[in-house]
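Morning, everyone. Please have the sequence and the model open while I talk. I'll go from helix packing to the cores, then to a sheet.

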Amino acid sequence: MSISTPVEDVTVRRASGSAPLITTADLPPTSHFVDGVFDQAAPGDVFDVIDPSTENVIAQIPQGTTEDVDRAVNAAAAAAEAWARVVPKERSEILHRIADRLAANADLLARLESMNAGKPLAVSRDDVDGTIDTFRFMAGALRATTSMAAGDYVENHLSVILREPLGVVGVVTPWNYPLLMAAWKIAPILAAGNTLVIKPSEQTPLTTLKFAELVADLLPAGVLNVVTGRGSVVGARLAEHPDVDMIALTGSVGSGRAVARGAAETLKRVHLELGGKAPVVIFADANLEEAAESLRVASFWNSGQECGAACRVLVHESVADKFVELFVAQVRELAVGEPGSGDDIEIGPLVSKAHFDRVVGYLDRAAQQGIRVAIGGTALAGTGYFVAPTVLVDVPDGAECSREEIFGPVVTVETFTDEDEAVRRANDVPVGLSASVWTENARRSHDIAARLDSGTVWVNSHLVLANEVPWGGFKGSGYGRDLSIYALDDYSRTKHVMHNHSR
């Protein structure tokens, strides 16, 4: 039997009879946003935007062309000089006004995000809260930038270090966190004094377009521009455009490679936040109950469509059976359903039919390889792109499902015998975005965290983020940092001015 055959013990809760999450009046204008206005002309080729819970078409958006990108870049370039001259206090106040506007529309944004991306409402509300806080943090941080002190480092020559905007930044954001990832880019880019052109995923563009609609009157024309379309067209043109000074992408490793290649010809800066395969290293002395309860959220947040998800558990062989028992008990309680079917829903659909097929393909191949399913392991019957929360156990070292980013509600469990083996296997993947260590031994926690090749390492927790601290990875997970003052550094440049004051 194929592992993708539907099972009957997991029920998808449906929202039938409930009021719709959004109405037609809630939708943003479905056109490009360039130079402060939405395009009025009828689009040419369009994409269908699909509700992944029902497979119904929500809206249609234009497939952007290189000409559309060029218009937007021209608008951003024309606005760049004036925006760069705006003093930090005024830019800060604008970012605070953006945060206020988002807060006033938080419920609408959460419902729109859930409809478009299939997110449980709890996830969408958290995304909106994080978006608002991102703008508030950057509004404060831009007024407190630091640099080395001015001084005479050569006799009779005063050195002054200036921090300047880059100019025009091209942005490409993913489908899994369309609003939050847009904020992670837009807020520091604007805070640093740059203008931008953003391409949201063609699958989940609606909250980015709604953001542009909500803040259009708060920003000078041309400072923020949105062009919808395919990465192979819109993203590629942004990466290669000679008037774009930096390209910033959150997406897959493949997308990162394509953007970096496109940017190479003009030697523009590149900021990449790419995929992950987060190892969760659980030692014999760990609090197993706490780990299982925490991973219920950290492994399955946003239905596992999360680059930092706790998707690869490495547990000491002496406590593996006990941990799996506790973890499966937590997973069994996860509520699966359409976002509009209740605030307690924890697992929604995958974002698209193509991604659904990809995830189910991993499960089918795992079954063919004889990997045991502790719970789940299958697609779910009915409309929508639902996959049962899954735990795969007795996973051998080097198995495809434990090395490649599945990006769905799937967790693999492997065992190890000693610390060196745990570290070696945790690091033996081509990406290094995040990881976690679970132990009650403080010395071990410091040592193992330092040896893990990941940009973020949690100890006795996982997937806890804050705007004050950076987010980004090593190896195939890319380079550059989102969040924190390090993002402001990424989106600005330093200039040394030296004055000869000898008399």
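A definition before the helices: axes are lines fitted to C-alpha atoms over the stretch in contact, and angles run from 0 to 180 degrees between N-to-C directions. Keep in mind that this is a predicted model.

Start with helix α2, residues 88-104, and helix α5, residues 178-191. Their axes come within 10 Å and cross at roughly 155°. Angles over 145 count as roughly antiparallel, so α2 is roughly antiparallel to α5. Who meets whom? From α2 we have R91, L95 and I98; from α5, A187, L190 and A191. By class, that contact has 5 nonpolar residues, 1 charged and no polar.

Now the cores. The largest nonpolar core has 61 residues. Among those with the most contacts inside it are I98, L190 and L219. Take L190. Beyond its neighbours within four places in sequence, L190 touches W83, R91, L95, I98, L196, L219 and V223. A second, separate core holds 47 residues, including W175, V336, L463 and W471.

β13 and β16 run parallel, joined by 5 bridges. R312 sits opposite T412 in β16.

Notes
Residues numbered from 1 in each chain as written. Predicted model: local features only at pLDDT ≥ 70, side-chain atom pairs only at ≥ 80, totals over all residues. Heavy atoms only, no water. Core = buried A, V, L, I, M, F, W, Y, C linked by side-chain atoms within 4.5 Å. Buried < 20%, exposed > 50% of the residue type's maximum accessible area, 1.4 Å probe, protein only. Contact = heavy atoms within 4.5 Å. Pairing = 2+ DSSP bridges. Helix = DSSP H or I, 4+ residues; strand = E, 2+ residues; numbered from the N terminus. Parallel < 35°, antiparallel > 145°, perpendicular 65-115°, else oblique. Nonpolar A, V, L, I, M, F, W, Y, C, P; charged D, E, K, R; others polar.
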